[in-house]
Each structure stands twice: as C-alpha cells, then as structure tokens.
Amino acid sequence: MKLYDVVVVGGGVSGTVAAIASARNGAQTLLIERYGFPGGSLTNMGVGPMMTFHAGDRQVVRGIPQEIVDNLVKIGGSPGHVIDTTGFVSTVTPFDVELMKYVLEKMLIDSGVEILYHSFLSSVEMDGSKIKSIKIVNKSGEMTIKSKIYIDSTGDADLAVRCGVDYLLGRPQDNLTQPMTMNVRIGNVDIQKIKEYMINNPTEFRMVDKEKIIKAKRLSVNGFYSILKEARKKGEITFERDMVLFFETNTPGEVIVNMTRVQRLNGTDIKDLTKGEIIGRNQAIELFNFMKKRIPGFENSILISTGPQIGVRETRKIVGEYILTAEDLVSNKRFDDCIAKGGYPVDIHSPEGEGVVYMKLKKGSDYDIPYRSLYSKKVDNLLVSGRCISSTHEANAAIRVSPIAMATGQAAGTAAAIAAKENTKVWNVDIKVLRNVLLKQGAYI
C-alpha cells in the first residue's frame, strides 16, 4: 500500500490550496474530493464573488490565493479585485465558475498533487493519538489510504470528529448555526437599468457614492428594501430576509443572488441537509419569480442555475489549542504564531430571524489567525483548514469566507509538508520555520 506524506480530505478552495502548498513543499500529496471537480462552495454551491482579499486598501490575503486570481485573470475568468458597491467591504473578486474549476485543477496537477474525485471519507483507524489510516468509499468500492500527515478541509470537520476531536456546533445556547442558502444564478439582467434606479432611489440601498456605482466594473447590490417588504406582505416571498442582495459575476449581465434563507437545520445531519435542499430549491424559484416581477432590470432575466449543493455557512468547528473569538478579531489581537490574516468583518446571518448582525473592524485593519487554531493535541498528525478551524460561532462568521479559508489552507499544507519531512507531530513544527516558508512563498502574515 502506498504511503503518502500528506493526504488532504476535501477539495474545496481551502483543501485545494492546502494540497498545492503541500506538494510544492516537497510532500507526496493526495487530494480526496467528493465531487468531480475542485472548488467547494465556489464551484458547487454557487457562492460568489470571493470576498475579500483586502483590509481597506491593503491586500492581506496573498500567496497561492492571489496566484489563483492571477491565473483566472489571464484567461478571462475574472476581472480581478473590484470595488464592492454595497460598501460592506472594500473589494470583491468575481469569477467564472467553469474557469475556476479548470484553474484549480491545473494548479493541482502542475504542482504534482494526486487527485481522487467522487470519493467520500467513511472511517478512520486510530493508533493511540495518531491516525493510522482512513477509509474512503467510491465507485471502486472501499479503499484504505495511509499517510504521515492528514488535513481536514471538509468544511464540516468530518475527519477531525471521527478522530475524537471535540467540536463546537453553532451558537452555544442552542447549537443553531447560521442559515444555509441556495444561491441563484440569473442571466440577461439589465445592469444599466439597476444602476439608474440606485442613483434615483438612494434611500433604498446601502451604497457607496454615485460615481463608484456609475464606474463599477461589476455591480454589487444590497437594498430594494421597500420592494422586498411589499412582496413579503403579499406572501410572494415567504422566507425571512430583510434585503435584496446580489453580485454581478465575471460575465456582464449575470448575477448571483444571495438571499434564500434555510434556518434551524444542521448541515451535518443527512435528514436536515436533504430537507434543506428541498426548501432551498423552493425558495430559489420563489425568489427568481419575485425578481423577474418586481426588481427593475430583471424583467427579461433568465434562471441559469442553482448549485449542485445548497450553500452551508457553518457547522462544526474543532476545539483546537486556541479558540479564536470575535473579540480577537475586532480588537486586532496579534499572535506570535500568526499563519494567516483576514479583513472580512463579523457577519452573522441570524440562525432564526431575518436580520444580520455585523461587528465592524477598525477602518482598514486586519486580524491574525494563529497556527494553534489549526490543530488539537488529541491527534498527533492532523491539521484542519477552512471554515472548521477552531473558532467561536461569532468569529467563524468572519473567517469562514473563501479568501481566508484559502490562506489557512496554504498554512496547513505548508505545515503538513514540514511535519511529514521532519517526522514530527503537527504542533511541534517550528513556527519560525513555518512563517518563513509562508513569507518566502508569497503569503502575507
């Protein structure tokens, strides 16, 4: 049986970046992914744009994540970082879904990563506090995979939990998570008409200045409050939402609508997840009909797609050596073992109501993510990356976004390669060595 240096479970953007980083640092790396393509929420849940690589005017997510953007721009798959015309963050990064799949896959192959698609984690064999092997299930049946180091990039901490790592689920008082959302991609939208409406009805939007709206390369919209309120009164929209929110994609005139809200369900419970898909699809059609009927610019729009899977904002987060808190983020707490930074504010979509709770950062400021949030000392050879790293419900609402998930992926992949090479436990990796390698490879820490 082949022995890998590093095995990454989950090929979302965080796992993809982790695998690329691991392979580039000399580790024989396998990536296991349940779909037939990489990209996770960006390619299978209809999530977009990427938000955000910046803290004010400073770019705080760089390295491999920025390389992905550069590669997309080169082939017409993204306009790059553009101004966020909702005014929520400084920049957003639209992209083409199909070209995103292509770019990520090419980078994996060019880095020497071995890929297994259509494969699910089924079980773990432990040897004391060490993972001895994992079992996966796919078309070929059941396979046993052995590695020196493992990375859990499943988003749901599937591997960590099977190893006995403690976890947090949702908010402490009732374990309710942020709602799931089935994003809706809509084409043939008259963007110019929307811009004119925004300029003529400024109280209907949370917006930046008119000049930025006029010049926007791609439009982001948060508003149409009274139109939505009227539709809710008439029963045209039956779910709890207080704003119309959509983002123009890489393709002009095509938007992703991020509005449906599937609440009080657990994304790690298969019955709840199934129920969520059904409810989400009903809401998506309801939403499209509402947009076409009531929102200026959508009169001749067409429904393009919903994702192969409903979008899941939050499920399990490991209890690592350090649990990152919202206070750490908003106070810009600094950590000696910082391995990634972020500039996205705390953005908690209500687990049971219509609103969103925001906790803003000091203008232009960023926060640190410590290496200690990527592991639990319960398992010697396991790291975690992406939205299931060790964080509270509130902090997770900030660090769950794709650029930050990619940054933690680069850190986890690099640390895993070092641990495999030195044959050491993941928490014994020399933080100075890890940080130096990350800096040399373009990360911003």
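Biologist: What makes the charged end of Arg-316 count as sitting over the ring of Tyr-167?

Modeller: In this predicted model, the charged end of Arg-316 lies 5.7 Å from the centre of the Tyr-167 ring. The cut-off for the distance is 6 Å, and the charge must also be within 35 degrees of the ring normal. The charged end of Lys-101 likewise sits over a ring, that of Phe-37, at 4.2 Å from its centre.

Biologist: How many aromatic pairs does a search of the whole structure find?

Modeller: The search returns 11 aromatic pairs. In one of them, the planes of Phe-88 and Tyr-358 stand at 55 degrees and the ring centres are 5.1 Å apart, so this pair is tilted.

Biologist: Why is the pair of Phe-88 and Tyr-358 said to tie together parts of the chain?

Modeller: Phe-88 belongs to the loop between β5 and β6, whereas Tyr-358 belongs to strand β20; the pair therefore joins parts that are 270 residues apart in sequence.

Biologist: Is Phe-88 called buried or exposed, and why?

Modeller: Its relative accessibility is 18%; buried means under 20%, and Phe-88 therefore counts as buried. Tyr-358 has a relative accessible area of 29% and is therefore partly exposed.

Biologist: Why is the pair of Tyr-197 and Phe-224 called stacked?

Modeller: The planes of Tyr-197 and Phe-224 are at 20 degrees, with the ring centres 5.4 Å apart. Planes under 30 degrees apart count as stacked, so the pair is stacked. Tyr-197 lies in helix α6 and Phe-224 in the loop between β13 and α8. Phe-224 is buried, because its relative accessible area is 0%.

Definitions and conventions: Residues are numbered from 1 along each chain as its sequence is written. This is a predicted model: local features need pLDDT of at least 70, side-chain atom pairs count only at pLDDT 80 or more; totals for chains, interfaces and linings use all residues. Side-chain values use heavy atoms; hydrogens and water are left out. Rings of Phe, Tyr and Trp (its six-membered ring) pair if their centres lie within 6.5 Å; planes under 30 degrees apart count as stacked, over 60 as edge-to-face and the rest as tilted. Helices (H or I, at least four residues) and strands (E, at least two) are DSSP runs, numbered from the N terminus. Buried means under 20% relative accessible area, exposed over 50%, partly exposed in between (1.4 Å probe, protein chains only).
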